Amino acid sequence: MFRHSVRRFATTAVRRNAAPIPAPANAPSAVTINVSTAQGVAKGLTGAIGNTPLIRLNKLSAETGCEILGKAEFMNPGGSIKDRAALYVVLDAEERGLLSPGGTVIEGTAGNTGIGLAHVCRSRGYQLVIYMPNTQSQGKIDLLRLLGAEVHPVPAVAFDHPDNYNHQARRHAERLGAGRAVWTNQFDNTANRRAHIETTGPELWAQTGGKLDAFTCATGTAGTLAGVTRFLKEASGGRVRSYLADPPGSVLHSYIQSGGRLRERAGGSITEGIGQGRVTDNLAPDLGLLDGSLHVPDEESVAMVYRCLDEEGLYLGASSALNVVAARDVARKLGPGHTVATVLCDGAYRYADRLFSRKWLEAKGLLAAVPKHLERYIVLP
Ligand SMILES: Cc1ncc(COP(=O)(O)O)c(C=O)c1O
């Protein structure tokens, strides 16, 4: 068991970028955002974002002798953890005077952030324009349009190409002009990370009563990992450990292990919404706080999608399953008696036609990854 965990763990070599830990998170911040009310009534949709249950994964907890806890982010109104970031980038723009009533929010996103923004923008009376690579499924485009967004699928080119979807989103906002439109820029806008410093982190701390030894999750923008890590380190006086979990095709695990050498992105993963080719502004201030990182192969993420469904009744997307694998591996590394938390980012609903399709699993070389006794869940041809 221990050898298994050693195989993929490494202690963080990158510490030099660690910014000082700020004042306690309950100290007044420069911008104070009030997202919910007392008396249990949410102030509109945005008040219903966050405060998700923390679920003990019973089977994996018994297996490891640890408490393995998953934060049920799939229960947010937009169905994912990205509702929190969407709310914070919009509120931050409002508070900075970058958005006025009837204004336009513009973002480059192919997934959950767009859905979160669509809900938040409808709820607060803004237009939403989304740029995404034209390689994305028609289903995603239809869903965003159905939620009221104007969607621009554009050629899928690398980030350093001027026509990359993120740059097109920025230029669209520039054309409309300051005060009328804002490019929310989820990757490098640190209001995203702040959502997790001010909500996800404190919720985890309160729900566990401070009895928490480690946190782990994968990164897309890294807002979740960075913000939660920052809060937990502060709240625990540095005691709670934090580990970055990386899918194939992402460079951050090797970046951390090599002490800060950024390699070219190569390969890919079936997970969506995670994996990164650079250190975003959301990650940079907290990278040095991490205690290590681990790599999770797609085979293990797929197997965990099926295990979570069968053993825990949790219908999870592949990024959540990857996080659960990572939490189990951190638990194995720490040994029995520890409490390890992660986030269950979204449900399997939008991925079901792939994750539970025999043809798709075969095409990806992942059919054998599904445990034999769980093959009955492969219900689609
Ligand atoms: C399904 C899913 N999981 C995880 C993440 C990663 O979260 P973060 O951007 O906070 O790193 C995303 C981000 O889009 C996502 O869509």
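This is a predicted model: local features need pLDDT of at least 70, side-chain atom pairs count only at pLDDT 80 or more; totals for chains, interfaces and linings use all residues.
**Confidence.** The average pLDDT of the protein is 90, and 90% of the residues score at least 70. Residues 1-32 have a pLDDT below 50; in the model this stretch makes 48 contacts beyond near neighbours in sequence.

**Ligand shell.** There are 19 residues around the ligand, of which Gly220, Thr221, Thr224, Gly273 and Cys345 come nearest. Two helices, H4 (112-124) and H8 (223-235), each supply at least two residues of this shell. By class, the shell comprises 12 polar, four nonpolar and three charged residues.

**Helix packing.** Two packed helices are described by the angle between their axes and the distance between the axes.

| Helix pair | Crossing angle | Axis distance |
|---|---|---|
| H3 (residues 82-95) and H7 (residues 191-207) | roughly 115° | within 8 Å |
| H7 and H8 | about 50° | 7 Å |
| H10 (residues 298-312) and H11 (residues 318-334) | roughly 95° | within 8 Å |

*H3 with H7.* The axes of H3 and H7 cross at roughly 115°, and the two helices are therefore roughly perpendicular to each other. Their crossing is right-handed. On the H3 side the contact is made by Arg84, Ala85, Leu87, Tyr88, Val89 and Asp92, and on the H7 side by Ala191, Asn192, Arg194, Ala195, His196, Thr199 and Thr200. Six nonpolar, four polar and three charged residues make up this contact of H3 with H7.

*H7 with H8.* H7 also packs against H8, at an angle of about 50°, which makes H7 oblique to H8. The crossing of H7 and H8 is right-handed. From H7, the residues Asn192, Arg193, Arg194, Ala195, His196, Ile197, Thr200, Gly201, Pro202, Leu204 and Trp205 take part; they meet Gly223, Thr224, Ala226, Gly227, Val228, Arg230, Phe231, Leu232 and Ala235 of H8. The contact of H7 with H8 divides by class into 10 nonpolar, seven polar and three charged residues. Thr224 of H8 belongs to this contact and is also one of the residues that come nearest to the ligand. Asn192, Arg194, Ala195, His196 and Thr200 of H7 are among the residues that contact H3, and they are likewise among those that meet H8.

*H10 with H11.* The axes of H10 and H11 cross at roughly 95°, so these helices are roughly perpendicular to each other. In this contact Glu300, Ser301, Val302, Met304, Val305 and Cys308 of H10 meet Ala318, Ala321, Leu322, Val324 and Val325 of H11. By class, the residues of the contact of H10 with H11 are nine nonpolar, one polar and one charged.

Terms used. Residues are numbered from 1 along each chain as its sequence is written. pLDDT is the predictor's confidence in each residue, from 0 to 100. Two residues are in contact if their C-beta atoms, placed from the backbone, lie within 7 Å. A residue is near a molecule or strand if its C-beta atom, placed from the backbone, lies within 6 Å of it. Helices (H or I, at least four residues) and strands (E, at least two) are DSSP runs, numbered from the N terminus. Ala, Val, Leu, Ile, Met, Phe, Trp, Tyr, Cys and Pro count as nonpolar, Asp, Glu, Lys and Arg as charged, and the others, Gly among them, as polar. Axes are lines fitted to C-alpha atoms, for helices over the stretch in contact, and angles run from 0 to 180 degrees between N-to-C directions. Angles under 35 degrees count as roughly parallel, over 145 as roughly antiparallel, 65 to 115 as roughly perpendicular and the rest as oblique. A crossing is left-handed if the near helix is turned anticlockwise from the far one by less than a right angle, and right-handed if clockwise.
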